[in-house]
Amino acid sequence: MSAEFEAVVLPHLDAAYNLARYLTRNPTDVEDVVQEAVLRAVTYFGSFRGANPRAWLLQIVRNTAYASRALVRGAVTVGLPGEETGAPTAPELIDHGDNPEMALRKHEDHARLARLLAALPVELRETLVLREIEELSYKEIAEITQAPIGTVMSRLWRARRLLAAAVQAEEGR
Amino acid sequence: MECENILLVQAEFDGELDAAEALRAAQHRQTCAACRDAYAQLSATHALLRESAPRHQAPESLRRAIRAGLNVTRDAATATPPPRTLRRWWRDSASFGLGAALAASIALFAINPAQQSILDQVVASHVRALQPGHLEDVISTDQHTVKPWFDGRIDFAPPVKDLAAKQFPLLGGRLDYLNDRPVAALIYGSDKHLINLYVWPGSGEPLPKTAARNGYNTVHWSENGMDFWAVSDLEAAKLNAFVRDWRAAG
C-alpha cells in the first residue's frame, strides 16, 4: 500500500508544496501543512478511486491549509511592513547561468509578484495559482476549491484583473 | 467597460472551449474592442506569471521526512544528485500538469493484455525516472552525442532526433530495463514537462495508440522495426503533437 501511495501520490508533492506555500504564511507552516495533508492522504488513500491523484492531493492540502491558523487570507491580513509573505529564498531561484545583475533582477521580480499575489483574497489567489502555475482545468479547480465552475471562472477573471491592476499601479508609481 | 462575454473570451484563452464555441468567441473578439483588450491583458498577465511567479519546490528535507514517515526506503538518499538544471527539470515536471481530466476522457484504443503489462512498466519507469538522480545517464541536447552513447550499451541503435525547433528539446538519454530487455530511453522537455520516449526493437502496429495510467498519458506505436512508448504528464493532445512531430522529423 505504501509503495502504491508513493507511486501515485508522491509525484505530486511539489504541487502540494507549491499550493501550500501560496496559501500559508511562512516555510515552517507550509511544511506542517504539507506533512499533515500527506498524513490525511495516507489515511484516505484506501478509499481513493479517482483518476486524478494530483487534484485529490491538492484538495486535501487546501482543506488542511484552510483549517490551519497560518492561512493567508489576503487583502487585510497581509502586506504588513516587513512581513515575510512567502517570497522565495534566493538560492532556490537563482540560475547559475545568469550574471549577478540578471539574477538579482529576477529575484526582485519573483519577490514582487509573490507579494502582489499574497495580497489577493485567498479564494482568488488559489484559483489563479491553480490555473496559471499548476495549469489545471476549470473542472479540476472546481473540484479542489469545492466551487461551481461558474464561480471558478468569475474568480479567475477577478484575480487576473486585480493582479494586472496592482502590477500597473506599482509600475506607474 | 467590461463586455458581458468576457468569461467566454477568458475560457477561449484558457483553452476550455470546444471548437465551435472557440470560433464563436474569436468572432466576437473581432467586433468587440473591450474583449480584444481583455484578451491582450490576459496574455500579458499569463506571460508575467509564467516568467516571474515563484514555483516552489518541496525541500529535500520535507521529502525525506515524508518518505521516512511512510516507511519507504529509497536509494535516493545515496544517489549522486544530477546537475542543477536537469534537477530542476524533473522537479518542475513532478509538480506540473497531468491533465488527468483530459486523460480520463480520451478514448482508450484497444490495448491487449501484453501491452497492458508493458503500459504498467513504462509508467512505473517514467515515475522512477523522476526521482533524484535517476533521470539521465547521458546529458546532452545534441543528438550526435546521445546516439553514439548507446553504442555498445545496447544491441540496437535507437533513432535519436532533436525537436528543439518544435518546442520539444532533447535533454538526454538513459538506459532502462523494460519488457525483459534493456531499452533506450530518450528524454525530451516540453515547457516545464518531461517526456520519456522508450525505444526497443519490435514490430507492432504503426497506428499510435493512446492510454492513460495514474494520470500519466502514453502513446505507443511502431515503425522501422522499433517499438516506441512515449510517456508524460503532458496533456494527451500535447503528447500526441510530440509524437506527430517526432515521427515527421527526419
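This is a predicted model: local features need pLDDT of at least 70, side-chain atom pairs count only at pLDDT 80 or more; totals for chains, interfaces and linings use all residues.
Residues are numbered from 1 along each chain as its sequence is written, chains are lettered from A and ligands numbered from 1 in the order in which they are written, and side-chain values use heavy atoms, with hydrogens and water left out.

I start with chain B as a whole. Chain B contains nine helices and seven strands; here helices (H or I, at least four residues) and strands (E, at least two) are DSSP runs, numbered from the N terminus. Chain B has 250 residues, and 50% of them count as buried. Buried means under 20% relative accessible area, exposed over 50%, and partly exposed in between, with a 1.4 Å probe and protein chains only. The accessible surface of chain B is about 11,300 Å², with 53% belonging to carbon and sulfur atoms; these areas come from the Shrake-Rupley method with a 1.4 Å probe, and for residues only the protein chains shown count as cover. As for contacts (heavy atoms within 4.5 Å), take those in chain B between residues at least 6 apart in sequence: 61% of them join residues at least 24 apart.

Let me turn to helix 2 of chain B, residues 19-31. Its 13 residues should span 18 Å at 1.5 Å a residue, and its end C-alpha atoms are 19 Å apart, which agrees. The expected span is 1.5 Å times one less than the number of residues. Which residues of this helix are buried? They are A25(B), H28(B) and R29(B). These three cover an arc of only 100 degrees around the axis, which puts them on the same side of helix 2 of chain B; the arc is that of the directions from the helix axis to the C-beta atoms. The buried residues pack against helix 1 (6-13) and helix 3 (33-52) of chain B. On the other side of helix 2, A19(B), A20(B), L23(B), Q30(B) and T31(B) are exposed.

V122(B) has a relative accessible area of 0%. Apart from neighbours within four places in sequence, V122(B) is in contact with L178(B), Y198(B), W200(B), W229(B) and V231(B). V231(B) lies 109 residues from V122(B) along the chain, yet their C-alpha atoms are separated by 7.4 Å.

I now move to the interface. Here, 49 residues of chain B are in contact with 57 residues of chain A. Together the two chains bury about 4,800 Å², 57% of it on carbon and sulfur atoms; buried area is the accessible area (1.4 Å probe) that two parts lose on being put together, summed over both. In chain B, P54(B), H56(B) and L70(B) lose the most area to chain A, together 14% of what that side buries. From the chain A side, R112(A) is found in helix 6 (residues 100-118) and is buried, at 17% relative accessible area. Not counting residues up to four places away in sequence, R112(A) touches V167(A), E170(A), E171(A) and L48(B).

My last topic is salt bridges. Side chains of opposite charge can pair when their charged atoms come close. The rule requires a side-chain nitrogen of Lys or Arg within 4 Å of a carboxyl oxygen of Asp or Glu. How many does it find across the interface of chain B and chain A? There are five, and the count over all chains comes to 19.

One salt bridge joins R160(A) to D14(B), with the closest N and O atoms 2.8 Å apart. Within chain A, R62(A) pairs with E126(A), the closest N and O atoms being 3.1 Å apart. R62(A) lies in helix 4 (residues 53-67) of chain A and E126(A) in helix 7 (residues 122-133) of chain A, so the pair ties together parts that are 64 residues apart in sequence. Both R62(A) and E126(A) are buried.

Within chain B, R63(B) and E60(B) meet in a salt bridge at 4.0 Å, N to O. They are three residues apart in helix 4 (residues 60-70) of chain B, and so are separated by about one helical turn. R63(B) is buried at 5% relative accessible area, whereas E60(B), at 27%, counts as partly exposed.
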